[in-house]
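These are my notebook entries on one protein model. I begin with the whole chain and then turn to single elements and residues.

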Amino acid sequence: MARKPVAVVDIGSNSVRLVVYSGRQRAPTPIFNEKVMAGLGAGLRDDGNLSDDSERKALAALSRYKLLLRHMGVKDARVVATAAVRDAGNGPDFVREVEKLGLKCEIVSALDEARYSGLGVLSAFPGASGVVGDLGGGSLELTEVGDGETGHATSLPLGVLRVGLGKSGEQAARDVLRRGIKDAGLLKSARDKPFYMVGGSWRALAKMDMITTDFPLPAMHHYRMKPERAAELRKLADLATIFEGGLSSARLASAPVAAMLLEQIVRTLEPSELIVSAFGLREGLLYSQLDEKMRQLDPLVEAARDAGGGERRFGEHGGLLHEWISPLFDDPPKLKRLNLASCLLADVAWQAAPMFRADRGVEMALHGDWTAVDAPGRVIMAQALSSNFGRERLPDSRLTQLCKPEQLERAHCWGLAMRLGQRISGGVASVLEKTSLNLSRTAVTLCVPHREESLAGDAVRRRLQRLADALDRKAEVAAFI
């Protein structure tokens, strides 16, 4: 179900950000995203108050956001303030200034901030099990997730604007971290399970890793690293100047502290892997408002359904296309959902010139704003859409290294089947409803109604033959009454 645009204004310790979301409720898509690096948490180390300069920057940004929301017609906007405002002696005064602008501001408690960050990860990673770490300017939230729920949680004063470098700063941070993790009972739930990294400072570390390893896919969400990589990232963070131009100056400045904290977390929690999440507090706020039935929907499928919506020629039939080709493929659930998402995007490039349709499909799969799909999954979808639009190979051979050869071959066959379905139907659902595909040990059979045999014209038969060859079968056409 689609929703009217909604917005979250996140008044954090480092930045003040407005994000406006549209699309389906289970897969909110940012349609506007702006941040101002106000640095509200920077003054807390000095006297425990928000500085006048940071307040001015924040209020100027909020005044602009208020006007933008009005011009965008966004009626549903939630404004939340986190660690810096929560902990500052003059935080209540700042909130009153925000509300004078006409924005109702909620100070989120430390444990609620942790819970919302955990819910954001659950929204993007159905089935997530482990610990979520949300690193901001003023605090570090650690939250247990599993079985679709958040569990033990803690909020620690270890934001990148609060922690000092050097031996004394690191020792103090290590003591606070280990004590906080022990008191919250997080050790058992973390060991040998993923650690989900939320927050811009940790995403910057992942970006450094991508650059140094020449990772072929720039999608940050769901990027995975081995735990031992944390120590290497710390060395890279100390050489942050080599990444100038690829990262903002603010993120480069916070990288050494972020890397030190990540290394200490890895040593303490002993996770199985590190996974980057683009979803956190803001998305968790939206997810918390969904009923259980809505939460059970697959966010990848819902996002693909929404993304393909404006591009279809004759209405949605991606789900029907998936059903039409399914008799050919006995895939496990993890692959079947990628097949369905690919089918929902199968008509996404028809408006492009024929020679660019494969490029459009591949671009959508690789760089779309998807959740609940990792880099190999994106590549599998890209292969399916590339083959659907008539190109067998992906444009960058490095991408194929992210998947197993048999996975890419399977996706290629999906694409050929999708291509056949698009040709016989002309993009019209009613034709798919009248015809079917069958797979036997020797043949791929296209079944068409009696007296409508001409649906299987020469172009259709050529595509059927191409599909049958890929599946090592004969191609047959059969009429039924």
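**Entry 1: overall form.** I counted 20 helices and 14 strands in the protein; helices (H or I, at least four residues) and strands (E, at least two) are DSSP runs, numbered from the N terminus. The radius of gyration is 25 Å, close to the 23 Å given by the globule rule for 481 residues, so the protein is as compact as a globular protein of that length. The radius is taken over C-alpha atoms, and the rule is 2.2 Å times the number of residues to the power 0.38. I noted that the C-alpha trace spans about 85 × 45 × 40 Å along its principal axes.

**Entry 2: basis of the values.** I am working with a predicted model, in which local features need pLDDT of at least 70, side-chain atom pairs count only at pLDDT 80 or more, and totals for chains, interfaces and linings use all residues. Residues are numbered from 1 along each chain as its sequence is written, and side-chain values use heavy atoms, with hydrogens and water left out.

Entry 3: Of the contacts (heavy atoms within 4.5 Å) between residues at least 6 apart in sequence, 71% join residues at least 24 apart.

**Entry 4: helix α9.** Which residues of α9 (residues 229-237) are buried? I recorded A230, L233, L236 and A237. They cover an arc of only 110 degrees around the axis, which puts them on the same side of α9; the arc is that of the directions from the helix axis to the C-beta atoms. In general, an α-helix has 3.6 residues a turn, so residues three or four places apart point the same way. The buried residues of α9 pack against α8 (200-213), β10 (224-225) and α10 (249-269).

**Entry 5: N388.** I located N388 in helix α17 (residues 375-388). N388 counts as buried because its relative accessibility is 4%. Apart from neighbours within four places in sequence, N388 is in contact with A346, G415, M418, R419 and Q422.

**Entry 6: T154.** I looked up T154 next and placed this residue in strand β8 (residues 149-156). Is T154 buried or exposed? T154 has 11% relative accessibility and therefore counts as buried. Not counting residues up to four places away in sequence, T154 touches L111, A114, L140, E141, L142, G180, A184 and L186.

Notes:
Buried means under 20% relative accessible area, exposed over 50%, partly exposed in between (1.4 Å probe, protein chains only).
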